[in-house]
Amino acid sequence: MYDMLEIDEHRGIVRVEPLANMGQISRSLISRGWTLPVVPELDSLTVGGLIMGFGVETSSHKYGLFQHICEAFEIVTAEGKLLKCTPSENPDLFYQIPWSHGTLGFLVAAELKIIPVKKYVRLHYRPVYTLDSMVSVFEHTSRDTKNNDFVEGLVYGCDRAVIMVGNFVDAVGPGSLNAIGRWYKPWFYKHVQTYLERREPGVEYVPVRDYYHRHTRGYFWAMEEIIPFGNHPIFRALLGWAVPPRIELLKYTETQTTQRLREKFHVIQDMLMPIRHLKQSIEYFDAHFRLYPLWLSPMAIKDNGGQRGFVHPFRTEDGLVDEMYVDIGAYGTPGKKGFDNAVALPLLGKFVIEHQGYQALYARTFMSREGFRMMFDHAGYDLLRERLPYCRQAFDEVYDKVSSKGRGSPVEMRRMEKAG
């Protein structure tokens, strides 16, 4: 289930199986002059995971989440029927599949939009040194979808960040060419930090695939905790080609002790917040986590033409709709004294609900079932689960799959395999 099945340039779609990953798809499409409008940055991310969970990239302010570039899904239901789902064919199922985590059926193929691609991304780095300017610059550039193909922010402190704006170009102009994806290059977030330290903006031209997967080698900045010397020039020159190790290998080598430490102290969270609450969100992370860098990626949450789904745009009390959100990614070990996930994550979930945000469900959640249903709209989902034959008997609800109680760690899975 990992193949690219068809590239239809006339229709502007690529049809793929669910285990096809972003590295595989970007290589194939770019060689033919095409790309996905939204290419989540880690090579190993799969189409199935990005649809059934969520996917975002720095072009999402223009194109929305990964689900919004999907033209069709093919799923096998609990009764064994193959259904094609589009906005006009089985539309209720089409809009409900994203975020459903395989609890409505098995995804076997998807049709994704493709757009023409250019050779390079012209990347402008702008350091900022106050929280107000950080929020103002980021929101302004995110809402300018006409002139900015990519927008990203890396936050190095409550009042320090670098805001990046990228645009597709066919040739290298004034500025330097930086093939940031080569094995001997500095990890991207370290490179970006140099603009903050120099206290001046800059422009670079980055090969388009290097840009798409700029965070792969360092797993954003998580690799520094796994290989503390991994960004050293000598290590990069000699062994940079071997980074990053596969996630499956890292999970397999986990012990009970490291599992307990990770579950208590280590954070991997993405929070999807209305962009109007960006300032309060950064202040919250600073007060309760003190974890930097933070990743900022703007995104539009579409209203699906009024169709139901798990997530919806922000709506004010007087009915005004604002699609613009920001993904705040927090990865690593917080610096706050006495930090404990068992305390911090439930409070974070409460903060997100109060501000009409959403939590990415690949990560741990300590929300109650009631809190989970407050965060995500289950109305259409519940109706489908009742209507589809054998669905409730065959599949758990989303909450039962993603809650902290429903997840089994690699250590626990190995223990169960030995016992069986």
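This is a predicted model: local features need pLDDT of at least 70, side-chain atom pairs count only at pLDDT 80 or more; totals for chains, interfaces and linings use all residues.
Residues are numbered from 1 along each chain as its sequence is written, and side-chain values use heavy atoms, with hydrogens and water left out.

The axes of helix H12 (residues 278–288) and helix H13 (residues 341–354) come within 12 Å and cross at roughly 170°, and the two helices are therefore roughly antiparallel to each other. Such axes are lines fitted to C-alpha atoms, for helices over the stretch in contact, with angles from 0 to 180 degrees between N-to-C directions; contact means heavy atoms within 4.5 Å. Helices (H or I, at least four residues) and strands (E, at least two) are DSSP runs, numbered from the N terminus.

| Helix | Residues that meet the other helix |
|---|---|
| H12 | Gln280, Ser281, Tyr284, Phe285 |
| H13 | Leu347, Leu348, Phe351 |

Helix H6 (residues 188–198) has as its buried residues (under 20% relative accessible area, with exposed over 50% and partly exposed in between, for a 1.4 Å probe and protein chains only) Phe188, Tyr189, His191, Val192, Gln193, Tyr195 and Leu196. The elements that cover these buried residues include strand S8 (120–128), strand S9 (150–157), strand S10 (160–169), strand S12 (202–207) and helix H8 (223–226). After H6 comes Arg199, which has a positive phi, near 60°.

Key. Angles under 35 degrees count as roughly parallel, over 145 as roughly antiparallel, 65 to 115 as roughly perpendicular and the rest as oblique.
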